[in-house]
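Here are some exercises on how the parts of an assembly meet. Have a look at the structure first, then work through each solution step by step.

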Protein chains: 2
Amino acid sequence: MSIRLEKKQLTRQSLMDAALAWVDEGQDFSAISIREVAKRAGVVPTAFYRHFTDMEDLALNLVDELSIALRRLMREARQKNQQAGHMISDSVRLYVAHLLAHRALFRFMSQALSGGSATLRRAVRIEMQFFARELEADLQAMKLLPHLSAQMRENISQLVIYTVAGITVELLDIPANQPAQHEKLIHKTIAQVQVVMLGAAHWKSVSPVQ
Amino acid sequence: MSIRLEKKQLTRQSLMDAALAWVDEGQDFSAISIREVAKRAGVVPTAFYRHFTDMEDLALNLVDELSIALRRLMREARQKNQQAGHMISDSVRLYVAHLLAHRALFRFMSQALSGGSATLRRAVRIEMQFFARELEADLQAMKLLPHLSAQMRENISQLVIYTVAGITVELLDIPANQPAQHEKLIHKTIAQVQVVMLGAAHWKSVSPVQ
DNA sequence: CCGTTAAGTATACACTTGTACACATAAATA
DNA sequence: TATTTATGTGTACAAGTGTATACTTAACGG
């Protein structure tokens with residue numbers, strides 16, 4: 001890459017990192033200003049416009065980073081869980097590890113899911129849908145829940161995502177130095193996902209429980 | 001109530017309504033200013049301080065309104081579903097009805113759950129926990145899932161809440177005039193809750209699915 | 001090597017923001 | 001009825017905001 005582009009990418013990343021750092025401090029993404037993000041990136045306010053038109057524009061680029069993080073997570077999960085005896089608990093633990101390694105990014109995600117502009121919300125939603133579809137594909141590949149329709153399997157996958165989204169919000173509010181509380185949450189979530197999979201295994205198109 | 005207090009409550013409510021209206025327009029709660037909320041309430045900026053110290057203070061009072069709405073929802077659910085053949089689907093439908101009747105309040109809730117200040121997040125979380133505990137109490141009263149420990153029943157209740165939280169975010173992004181899409185989501189959610197309850201019914205302390 | 005280009009700077013302007021302070025006025029109280 | 005009190009007003013100011021415009025200067029391409 002040319003020197004000029006390289007430098008450009010550098011400040012661009014500084015700007016995005018500055019916004020993420022703000023979120024990581026517990027501040028709301030929608031409450032940061034262009035000037036503030038520029039200041040923290042060590043750059044003059046107007047330089048911001050060389051990279052993004054808007055804070056929303058920057059946010060959409062953060063979604064791309066999120067996307068990469070999620071894909072990496074999935075790849076790693078597939079490598080580790082191929083023969084699988086503790087598939088669910090391993091996956092949840094792996095997710096939590098990634099979550100803690102990218103706190104700011106996941107915080108941004110859960111904020112953008114219900115805050116932010118309509119387009120931003122949509123972008124995050126699409127990422128989560130993609131994640132759910134991949135999960136469905138894995139279930140199919142592993143010949144799990146073969147008695148269910150593909151649609152129902154995707155529905156189940158989405159349910160698992162929602163469950164995991166629940167732990168996400170809770171974990172992000174626990175200080176990083178409280179592993180005991182982390183463990184509690186993890187166990188709870190593992191049980192929840194297991195209940196979901198157990199229910200799916202017994203599902204027969206029309207459930208006896210209504 | 002004295003005339004003075006009555007008038008005070010009136011402008012107080014105007015301020016809270018103005019903030020909710022802002023959220024209902026799709027704007028972020030954390031992005032509204034004291035001046036803006038005062039303007040929309042038809043009152044001078046400094047009058048705001050006669051009622052709230054902060055926007056966060058106002059937000060915490062909105063949580064109280066939310067709390068009332070949730071309690072009303074639970075009471076109604078109990079009255080309607082006593083003998084119950086379609087308990088799950090009826091409950092989900094009732095929830096969606098309340099959600100649509102108080103769009104702004106639920107939007108505020110889902111924003112505050114992951115956005116906002118730590119205390120605000122905590123306040124909303126506590127409301128949801130309360131909701132989950134009530135659900136557990138109902139399960140117990142109806143002698144549903146009697147083979148589970150109280151803790152596991154609460155865990156299941158929380159799982160149901162998360163599931164419903166999922167539909168909440170999705171529903172709020174569908175224009176109000178698209179009942180067909182609403183129906184789709186409702187059916188999906190009903191199925192999800194049924195899967196959860198089915199899994200809970202088959203749960204035997206250590207799940208065969210791992 | 002030298003003119004061109006584009007990333008970052010400097011300055012400027014019109015707004016909006018939170019909040020302090022002194023004030024008006026209607027309700028409460030004595 | 002006279003006095004006090006509290007809700008809402010009007011004005012003011014320093015600080016922060018988005019963004020337009022003209023600029024420097026280092027890398028690029030012929």
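**Exercise 1.** Find how many residues of chain A are in contact with chain B, and work out which helices supply them.

*Solution.* Start with the count: 41 residues of chain A are in contact with 41 residues of chain B (C-beta atoms, placed from the backbone, within 7 Å). Next, assign them to helices (DSSP runs of H or I, at least four residues, numbered from the N terminus). Helix 4 (87-101), helix 5 (103-114), helix 6 (118-141), helix 7 (150-172) and helix 8 (179-202) of chain A each supply at least two residues. Helix 8 gives the most, with 12 residues.

This is a predicted model, in which local features need pLDDT of at least 70 and side-chain atom pairs count only at pLDDT 80 or more, while totals for chains, interfaces and linings use all residues. Residues are numbered from 1 along each chain as its sequence is written, with chains lettered from A and ligands numbered from 1 in the order in which they are written.

**Exercise 2.** Identify which residues are closest to DNA strand D.

*Solution.* Among the 18 residues that surround DNA strand D, the closest are A:Ser2, A:Ser33, A:Ile34, B:Thr11 and B:Val44.

Methods. Contact = placed C-beta atoms within 7 Å. Near = placed C-beta within 6 Å.
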